[in-house]
Amino acid sequence: MKHCGLLNGWLFAFLLALAWTAMAAEEQQGTLVVALDTLGAQSMDPIQETRSAHAHYQAPMYDSIVGLNFEKGGAGPGVAERWELAKDGLSWIFHIRKGLKWHNGDPITAHDVKFSLERTMSKESISSRGPGLRRDVKSIDVLDDYTVQVHTNGVQVYFAEGLSRATYQEGQLMPKKYIETVGVEGFRKKPIGSGPWKFVKSVPGDRIEYEAVDYPHRMGTPHFKRLILLLVPEESTRVAMVRTGEAAIASISPESIKEVKAAKLKVVSVPGTMQAVYQIYGLYRPESQKNPLADKRVREALSLAIDRQQIIEHVMYGEAKMPMPFATFGYSVDDDTERWQKWSREALRYDPQRAKKLLAEAGYPNGFELKFANTAMAGTPFMTQIGLAITDFWNRLGVKVNYTHYEWGSFAPLLLREQNQLVGVASMYRTAGRPVAAARFYGAFHSKGAHHLLGRGNDCPELCKTFDELHRAVTVEQDAVKRAEKTNRMIELVSDAWIAVPIIEGMGYWAVNPKMVGAFKAIPGRHEFGDLFQRMPRPEQKPWQ
Amino acid sequence: MRRYILRRLLQGLVLLVLVATIVFFLGRLTGNPVDLMLPEDATQEDRQALIETLGLDGPLHQQFGLFVANALRGDLGQSIRYRQPAVEVFFSRLPNTLMIVPGAMILAVILGVPLGILSALYRGSFIDRVSGTIAVLGIATPHFWLGILLIYIFSVQLDWLPTSRMGDYRHFVLPTVTLSTFLLAGFMRLIRSSMLEILDSEFVKLARIKGLSETIVVWKHCLRNALIPMLTLWGVFMGGLVTGAIVTETVFAWPGIGRLTYEAVIFRDFPLLQAAIIMDAVLIVFINLIVDILYAYVDPRIRLAE
């Protein structure tokens with residue numbers, strides 16, 4: 001009798017699974033076609049991709065150890081349902097969800113998590129944070145099939161956030177058993193993941209095709225049967241494809257917004273994907289002390305001379321916001337959003353009279369000569385237009401702007417090495433929207449950071465030393481309240497220096513054909529839609545209002 | 001003739017070595033892929049580690065020595081971006097470009113030659129003025145703009161053709177037309193001026209005095225001679241087609257070698273850039289060699305001079 005009950009239970013479960021599969025198959029229809037400006041390296045092996053393109057094309061098929069908060073942006077539960085910092089602060093413990101599986105049906109375990117992190121940290125990996133992980137991680141232990149402990153070199157309070165695609169790509173999960181069975185080459189040819197989409201085909205330089213999983217997925221079960229990501233580098237062509245219905249969605253820049261709206265298509269703007277800023281280099285160096293920019297009043301005057309609202313309306317076609325302080329966004333962790341929004345309204349206002357007064361007080365009533373390097377990073381070509389706009393505002397203030405335009409690839413070496421050619425020069429820069437401001441602050445201001453705007457090595461004056469100490473205090477502080485206090489102090493210190501000044505908070509822009517895809521909401525801060533395709537309904541399921 | 005071919009081959013080889021050297025050093029002067037690959041908060045140690053992983057460490061002359069040694073074995077390195085042998089990546093895209101280049105060439109010949117002949121025969125007429133206008137527009141209109149215009153008219157407004165990408169025969173129409181315009185205009189003008197020159201020559205006058213029909217004069221005597229300079233232009237234009245493909249392939253999302261070269265420049269993928277330009281150069285040198293040989297056959301004066 002007991003056996004009979006068990007058998008009935010199994011039968012019921014089997015029938016339920018069958019019914020679900022049939023329902024899901026019926027529910028999933030059609031193909032979602034998306035035209036993108038880049039498919040990056042177009043490698044389905046996560047350790048072969050370096051930058052944000054992974055969030056377009058790897059995210060659909062690879063789940064992540066730490067996930068996303070779909071509503072607010074930033075990190076949220078992922079393959080790990082929760083995680084905690086050990087009491088001594090020297091290790092993180094990740095608790096893996098039970099019942100998750102790879103596309104070949106194998107269960108996901110803690111061994112896959114350890115394997116994935118170690119593979120990302122390996123010498124073979126060119127993933128952009130690979131070297132950073134090698135530096136931060138001491139060892140990884142599997143405590144049981146569903147618990148992993150990562151021992152870090154020193155206290156790393158933001159380590160877990162770094163494993164979310166809200167921040168970096170390095171939390172992507174790879175199948176240990178499968179890779180060990182088929183080998184790396186076999187995996188690259190026929191990859192499997194654990195995301196809501198299964199890999200079907202990749203045609204280099206052209207497209208990647210996926211098929212929806214036919215079982216309930218923790219990130220949402222896809223409504224479409226197939227997903228095709230097309231590489232279409234030219235924006236006019238992408239817009240034309242959405243107009244003709246060849247694609248449902250296409251990435252666009254602000255210049256196309258008018259055209260897209262005129263064609264009765266939808267524009268989906270993703271809030272908080274980037275901040276356009278200008279930065280001033282090498283002011284800490286002795287040779288800069290006679291530069292007018294060495295005077296804080298002059299730097300503040302430059303900011304007050306910029307009418308950000310005009311830039312938002314005329315350069316960004318209304319699809320941008322007043323920024324918060326450098327590298328902070330509405331979804332940033334450990335800062336006082338309300339306070340900084342208020343600060344932004346006051347400090348980043350347009351006040352040409354005050355700007356002129358400050359210049360006069362600093363001894364430059366007739367202006368001065370300013371070298372300005374305008375450049376646009378990949379994916380944000382509109383930065384050049386913003387650069388031109390602020391040049392005009394500065395010229396109007398009486399500053400004679402000596403303007404040079406650089407292609408980003410040529411400008412990057414000037415910025416990321418000795419910076420000898422940039423001493424006393426202002427340039428355009430973009431900081432991407434990420435939840436942990438401290439990481440961006442390190443790159444921009446720390447004496448060992450790539451931009452080292454406040455000082456470098458032994459050439460680290462008082463402001464630089466204070467920042468370095470404060471930054472360290474933030475990143476090792478385990479008490480959340482104290483960490484927030486210190487983070488706010490760090491933001492204050494940098495904001496008052498007027499050395500890296502936000503201009504606007506930009507968005508990610510997409511043209512959408514409402515006849516091809518239903519209404520959906522973007523994830524704040526995550527420009528790419530790789531984590532979102534499974535949540536996009538078909539047009540008849542949820543029409544656009 | 002054999003000496004002539006051998007000399008041309010040697011010249012081609014010297015040219016390739018020069019191209020390879022220039023591309024190697026100039027490419028590295030303009031930036032570094034590592035700078036484009038690392039995140040904002042990367043440290044100098046992170047940068048150094050990636051440089052070593054990518055094999056970009058060591059002094060430049062040492063890297064060049066390694067490049068030359070490998071190139072002699074047919075290995076042009078591994079693409080930094082695609083993590084595959086650069087030559088392999090190039091050849092995987094080459095067939096796509098070869099699908100539109102011959103079409104563009106054929107279209108240009110089919111339309112350009114007859115229009116050029118008609119313009120010359122009916123000099124100053126309506127046909128001459130129309131074809132003259134087409135030629136000017138063909139040369140002056142940037143491929144980029146023309147491509148977008150054609151997409152707007154034939155795909156967005158009329159819905160006759162797909163906007164872009166590879167696919168059935170309909171996908172070939174717009175990129176082929178776009179790519180052929182410059183060539184068509186060039187052929188048209190060249191044939192016209194050659195024909196005018198030949199129509200005015202002594203031997204044509206003699207043929208007419210002998211009572212030969214106008215058809216024989218035009219098609220046998222004039223056109224055969226007028227086609228000789230076209231051969232030279234064909235060699236030059238093939239190079240133009242390969243570079244023109246960069247723009248056309250970008251506008252029409254065509255995954256060929258033109259776009260691959262463009263991406264290699266933007267991403268500072270040195271091995272791929274080197275491979276693409278060297279292989280492009282090989283292609284162009286080879287085509288020009290064929291043209292030179294054909295030229296020598298067609299025009300005996302070339303052989304004799306050699």
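Author: In chain B, confidence is lowest in helix α13 (residues 300–305) of chain B, with a mean of 63, and highest in helix α7 (residues 143–157) of chain B, at 94; the score is pLDDT, the predictor's confidence in each residue, from 0 to 100. This is a predicted model, in which local features need pLDDT of at least 70 and side-chain atom pairs count only at pLDDT 80 or more, while totals for chains, interfaces and linings use all residues. Residues are numbered from 1 along each chain as its sequence is written, and chains are lettered from A and ligands numbered from 1 in the order in which they are written. Chain B has an average pLDDT of 86, and 97% of the residues score at least 70. For the complex, the predictor reports an ipTM of 0.84 and a pTM of 0.87.

With that settled, let's look at the fold of chain B. It has 13 helices and zero strands; here helices (H or I, at least four residues) and strands (E, at least two) are DSSP runs, numbered from the N terminus. The C-alpha trace of chain B spans about 85 × 55 × 30 Å along its principal axes.

Start at helix α1 (residues 2–29) of chain B. Its 28 residues, at 1.5 Å a residue, should span 40 Å, and the end C-alpha atoms are 41 Å apart, which agrees; the expected span is 1.5 Å times one less than the number of residues. Just after α1(B) comes Gly31(B), with a positive phi of about 145°.

Helix α10 (residues 214–251) of chain B and helix α12 (residues 270–298) of chain B have axes that come within 9 Å and cross at roughly 175°. Axes here are lines fitted to C-alpha atoms, for helices over the stretch in contact, and angles run from 0 to 180 degrees between N-to-C directions. α10(B) and α12(B) are therefore roughly antiparallel, given that angles under 35 degrees count as roughly parallel, over 145 as roughly antiparallel, 65 to 115 as roughly perpendicular and the rest as oblique. From α10(B), the residues in this meeting include Ile228(B), Leu231(B), Trp234(B), Met238(B) and Val242(B), while those from α12(B) include Leu283(B), Ile287(B), Val291(B) and Leu294(B). Two residues are in contact if their C-beta atoms, placed from the backbone, lie within 7 Å. By class, this contact has 12 nonpolar, four polar and one charged residues. Ala, Val, Leu, Ile, Met, Phe, Trp, Tyr, Cys and Pro count as nonpolar, Asp, Glu, Lys and Arg as charged, and the others, Gly among them, as polar.

Now across to the partner. The contact between the chains takes 41 residues from chain A and 43 residues from chain B. On the chain A side, α4 (130–136), β10 (226–231), α6 (235–244), α13 (408–416) and α14 (437–445) of chain A each supply at least two residues. The largest share of that side, six residues, comes from α6(A). By class, the side of chain A that touches chain B has 17 nonpolar, 14 polar and 10 charged residues.

One of those elements, β10(A), leads us into a sheet. It belongs to an open sheet of 10 strands with mixed pairing, in the order β8-β9-β10-β1-β11-β16-β12-β15-β13-β14 (chain A); two strands pair if DSSP finds at least two bridges between them. The edge strands, each pairing on one side only, are β8 (197–203) and β14 (400–407) of chain A. Neighbouring strands of this sheet are turned by 25° against each other on average, direction ignored.

Five bridges join β10(A) to β9(A) in the antiparallel sense, and Leu229(A) in β10(A) stands opposite Ile208(A).
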